[in-house]
Amino acid sequence: MTAAWINWRRRLGLAAVASIALLGFAGLRAAAGESATTATASRAQTERIVNFEYRPTPLRVGAGTTVVFSNQSSVTHTATANGGSFDTGQIRPGRSARVTFRRPGIYLFHCTIHPFMHGKIIVR
Ligand SMILES: [Cu+2]
């Protein structure tokens, strides 16, 4: 083997390593892009449940927002849409439930255990 041939092979090897590194980098960038999309989709706002009230009411959010119904009281509550479009089920004290609001609209809801509790979420 001549020195020139060995040198050529060495260069080929380096090129292969370089392209694998580039591919790996592209893969990393794709993964980072995916997680950025996920982070955008998972934006959340909190609707607190305190003293037999939903706070704030109304809660204004953008379409696609996940509302975290956080029961910060000492009794169990629900957040149940008046029209039945969503229902958290029972949320025990100190626990929370999530509902994602994808479509704009005005959502009225209440607590099935304490029907005098009313709330409103405005999705734009
Ligand atoms: Cu309640």
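This is a predicted model: local features need pLDDT of at least 70, side-chain atom pairs count only at pLDDT 80 or more; totals for chains, interfaces and linings use all residues.
Two strands count as paired if DSSP finds at least two bridges between them. In β8, the residue bridged to Y107 is I121. This link belongs to the pairing of β7 (residues 105-110) with β8 (residues 118-123), which runs in the antiparallel sense over six bridges.

Now for the wider layout. The protein has one helix and eight strands, and along the sequence they come as α-β-β-β-β-β-β-β-β.

What about the inside? Buried residues account for 18% of the 124 residues in the protein. In soluble globular proteins, nonpolar side chains tend to be buried together. Here, the largest nonpolar core has 14 residues, and the ones touching the most other members are V61, V67, F69, F101 and I121. Two or more residues of this core come from each of β3, β4 (65-71), β6 (96-101) and β7.

Besides bridging to Y107, I121 is one of the core residues that touch the most other members. Setting aside neighbours within four places in sequence, I121 is in contact with P58, L59, V61, V67, F101 and Y107. As for the protein in general, among contacts with a separation of 6 or more, 47% are between residues 24 or more positions apart.

How values were computed:
Residues are numbered from 1 along each chain as its sequence is written. Helices (H or I, at least four residues) and strands (E, at least two) are DSSP runs, numbered from the N terminus. A residue is buried if 20 or more other C-beta atoms lie within 10 Å of its own, exposed if 12 or fewer, and partly exposed in between; C-beta atoms are placed from the backbone. Two residues are in contact if their C-beta atoms, placed from the backbone, lie within 7 Å. A nonpolar core is a set of buried Ala, Val, Leu, Ile, Met, Phe, Trp, Tyr and Cys residues joined through C-beta atoms within 7 Å.
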